[in-house]
Amino acid sequence: MFDRPRSGERAILVHLKFPQEDSREELDEFRELVTSAGANPIAVVKGSRSRPHPRFFVGSGKAEEIRSAVEEHNAEVVLFNHVLSPSQERNLEEFLKCRVLDRTGVILDIFAQRAQSHEGKLQVELAQLKHLSTRLVRGWTHLERQKGGIGLRGPGETQLETDRRLLSVRIKTIRKRLAKVQGQRQQGRRNRKRRDAITVSLVGYTNAGKSTLFNRVSGAGVLVEDKLFATLDPTMRRVDLGQNEQIVLADTVGFIRHLPHDLVTAFHSTLEETREADLLLHVVDASSERRDENINSVNVVLDQIEADKVTQIIVYNKIDLLADTPARVDRDESGKVWRIWVSASSGAGIDDLRKILHEVCYEKPDLYQHQEVFEGELYDKYDSRNMAES
């Protein structure tokens, strides 16, 4: 979407507080996003509003404060921890005299850097182009319709219209390629079903430790980094549970609050691995202060991709970062496992997890049907009891 410099960019972060729950974002998480994107946050401009300003998103006084910060720190980009409209982004760039990106743009940039597989690159490009198509006007406002005359006659459309047409052609091409890849994935899933292979998919908030847990259980060597969205391309491995019984374990991309809709749409074929799984291990960072909010955010995305009905077990990871919290297995009154406490880093509780996988997939598969573990009496009763224990 833009040329990235070789060194980190000097960035001003903008974070506003809104009374509406669905508009709230976390500043610490945004800092992690910005750092993961390779930028260097040098200053933060905070504020609060009852609702976004239609022109600048922030008020005129706050816009002046941001411009002063840009000039003082010689910043190259201003990053908003919110979703801006194309007109707001354009107005801010004209006023601040530097590039402006919103939260969606930052996440898209991270995905563009992390995509390694052919499919991943196509999915990211599709999301970028769909996002960029609404923002093309800011780059061509200086061009007028091409004039007539010898050597000046054009195709009868503005440069903006030409670029929109070219974008549309490219988007159609990418969708055709992704459809072919999706067909290959579906064939792979059909082959696994014919072999009666049980698929277990790891899901969870980004940086919850899914890849570390995946490596610990499967013995694979996928990339592990303390960064948001370190894993983008899905990885699948066979795991031997003993007694000549195996499962297919899948490591998937992490979710985040307000995950851009374009990304959910673009990664539809990849996320189908989650929807078609026999069991979901919902990995949660037990040490995070926002773990309940993160659980809800993951459930929202699972609902969007129609994976909310798949049997799900919560895996509370990183217990090594909690004081006096041993590895254990929580069951409900009927004996069903609904939460496991482990540390993928130290290996605590991993043997219990493998036993539970064998129980759910082979010993008592009929016992484990879809259950609402985050709503109603089950969650309230057992969460309050186990929170008191921990």
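Let me start at strand 10, residues 328–331, which has a covered face made by Arg 328 and Asp 330 and an uncovered face made by Val 329 and Arg 331. In a regular strand the side chains alternate between the two faces of the sheet. What we are looking at is a predicted model, in which local features need pLDDT of at least 70 and side-chain atom pairs count only at pLDDT 80 or more, while totals for chains, interfaces and linings use all residues. Residues are numbered from 1 along each chain as its sequence is written, and side-chain values use heavy atoms, with hydrogens and water left out.

When I say helix or strand, I mean DSSP runs numbered from the N terminus, H or I of at least four residues for helices and E of at least two for strands. Two strands pair if DSSP finds at least two bridges between them. Strand 10 pairs with strand 11, residues 337–341, in the antiparallel sense over four bridges, and Arg 328 stands opposite Trp 341 of strand 11.

Strand 5 (residues 198–204) and strand 8 (residues 279–285) pair in the parallel sense over five bridges, and the bridge partner of Val 203 in strand 8 is His 282.

Ser 211 lies in helix 7, residues 210–218, and the side chains of Ser 211 and Asp 251 are joined by a polar contact of 2.9 Å. A polar contact is a pair of N or O atoms within 3.5 Å; within protein, one must be able to donate a hydrogen and the other to accept it, and residues adjacent in sequence count only if both atoms are side-chain atoms.

Which rings form pairs, then? The structure holds four aromatic pairs, meaning Phe, Tyr or Trp rings (for Trp the six-membered ring) with centres within 6.5 Å, where planes under 30 degrees apart count as stacked, over 60 as edge-to-face and the rest as tilted. In Phe 18 and Phe 57 the ring centres are 5.7 Å apart and the planes at 80°, so this pair is edge-to-face. Both Phe 18 and Phe 57 are buried, which is to say under 20% relative accessible area, with exposed being over 50% and partly exposed in between, for a 1.4 Å probe and protein chains only. Tyr 316 and Trp 341 also form an edge-to-face pair, 4.7 Å centre to centre with 80° between the planes.

Finally, Arg 328 returns, lying over the face of Trp 341 at 4.2 Å from the ring centre; a charge sits over a ring if NZ of Lys or CZ of Arg is within 6 Å of the ring centre and within 35 degrees of the ring normal.
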